[in-house]
Amino acid sequence: MSDGGAGAPVVSTRGLGRSYGDFEAVRPTDLDIAAGEVFGLLGPNGAGKSTMITMLCSMLAPSTGTAAVAGHDVVRSPHLVRRNIGLVFQESTLDLYLTAEQNLRFHADLYGLARTHARERIRRVLEVVGLWDRRGSRVFTYSGGMRRRLEIARGLLHSPRVLFLDEPTIGLDPQTRQAVWEHVRTLHEEEGLTVFMTTHYLDEAENCDRIAIMDAGAVVALAPPGELKAAVGRDMVRVGTDDPGALVGLLEERFSVKAELRGAEVVFAVADGAAFVPRLFTGPGPVITSVSVTRPSLDDVFIHHTGASLRDAEESAQGRPPSLVR
Ligand SMILES: Nc1ncnc2c1ncn2[C@@H]1O[C@H](COP(=O)(O)OP(=O)(O)OP(=O)(O)O)[C@@H](O)[C@H]1O
């Protein structure tokens, strides 16, 4: 398979799917990702994100269809695929008893980088992720965030065309997540890297050029974040009340509006929030303590397509034992 030249998608799938027995973990999927794009795959636990990314990295054989990465077929040319990609997965594979520099040198040897080039490249990637000064420290002395940054540096050492990140910041605090993301952005901008990531975090998803929302093995929406939000189209109304259950019932009966409980709030979508809200205060009903009207957020988009809140997915992801913070 040829590289296809400028403008050709750098990741392309046709009918790509994976089953376990009768269970379709990833249903046949077509995807095209352009060179230089930052692409995010979002979905609740078990949606099929890891299965998808592992197939694209040539580490799991598809049951159906084809996938090409940097012009190479993932089944027929796995070695060429791996030369062209960087991987940062949930499970850390750093050697904790080696220094950062030694970890990177080992990786450079594996990829056959010439010594001088490797030296320059190690310096460059460590500088980008802010670890050059700590290059001589053994990795077990690093914090969770520093280890993650080092893994990103390692994933980029051999100048891949596509960086695959499977939940790169899971278990990290918001500031560290932000820092990791800034490093990815810098490399994306300076090296024209294509980034394919899975995430549970809405703020990370907002940074993507395009997002695919995956649910039960299928891509149910795919567009830039702004377009996804505009497509949901309606205003979100959040109401605080002393009796949320009663308010959900009242909205259904009196206004035929389907509302959900999100935490202590009742949340629903209407075409014109400002016009609708005064009607809530007419007639008998539970006491209303607060009301807010907002344009749709990415979480609203997620709920619209999957019926679940991404915030809940974030929380359950946070509850998992973080593989980074050892
Ligand atoms: N080796 C396997 N054998 C059987 N079922 C599997 C296997 N690997 C994954 N699955 C199932 O496939 C589905 C998709 O799993 P996958 O790990 O891709 O989801 P995910 O979206 O990455 O979830 P998470 O966000 O929790 O990592 C799940 O129902 C999972 O149980």
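**Ground rules.** I am working with a predicted model, where local features need pLDDT of at least 70 and side-chain atom pairs count only at pLDDT 80 or more, while totals for chains, interfaces and linings use all residues. Residues are numbered from 1 along each chain as its sequence is written, and side-chain values use heavy atoms, with hydrogens and water left out.

**Entry 1: the ligand.** I looked up which residues come nearest to the ligand, and got Gly-46, Gly-48, Lys-49, Ser-50 and Thr-51, out of 14 residues around it. To be near, a residue needs a heavy atom within 4 Å of the molecule.

Next I checked polar contacts (pairs of N or O atoms within 3.5 Å; within protein, one must be able to donate a hydrogen and the other to accept it, and residues adjacent in sequence count only if both atoms are side-chain atoms). Lys-49 puts a polar side-chain atom 2.8 Å from a ligand oxygen. Ser-50 also has a polar side-chain atom 2.8 Å from an oxygen of the ligand. For Ala-47, a polar backbone atom sits 3.0 Å from a ligand oxygen.

How much of the ligand does the protein cover? I found 62% of the 630 Å² of accessible area that the ligand has on its own; areas come from the Shrake-Rupley method with a 1.4 Å probe, and for residues only the protein chains shown count as cover.

Strand E2 (23–33) and helix H1 (49–56) are the elements that give two or more residues to the shell. H1 gives the most, with 3 residues. Helices (H or I, at least four residues) and strands (E, at least two) are DSSP runs, numbered from the N terminus.

**Entry 2: the cores.** A nonpolar core is a set of buried Ala, Val, Leu, Ile, Met, Phe, Trp, Tyr and Cys residues joined through side-chain atoms within 4.5 Å. Buried means under 20% relative accessible area, exposed over 50%, and partly exposed in between (1.4 Å probe, protein chains only).

The largest core here has 46 residues, and Leu-150, Leu-165 and Ile-211 have the most contacts inside it. I followed Leu-150: leaving out residues up to four places away in sequence, its contacts (heavy atoms within 4.5 Å) include Leu-94, Leu-126 and Tyr-142. Another core, of 27 residues, lies apart from the largest one, and Val-26 and Ile-53 are among its members.

**Entry 3: Glu-151.** I found Glu-151 in helix H5 (residues 144–156). Is Glu-151 buried or exposed? It counts as buried because its relative accessibility is 3%. Its side chain makes a polar contact of 2.9 Å with the side chain of Arg-148. Beyond four places in sequence, Glu-151 touches Val-88, Phe-89 and Leu-94, among others.

**Entry 4: Asp-235.** Asp-235 is in strand E11 (residues 235–241). At 9% relative accessible area, Asp-235 is buried too. A polar atom of its side chain lies 3.0 Å from the backbone nitrogen of Gly-273. Gly-273 is also one of the residues that Asp-235 touches, along with Phe-268 and Val-293.

**Entry 5: Arg-254.** My last stop was Arg-254, in helix H9 (residues 244–255). Its relative accessibility is 35%, so Arg-254 counts as partly exposed. Its side chain reaches the backbone oxygen of Pro-284 at 2.6 Å. Further contacts of Arg-254, leaving aside neighbours within four places, include Arg-279 and Thr-282.
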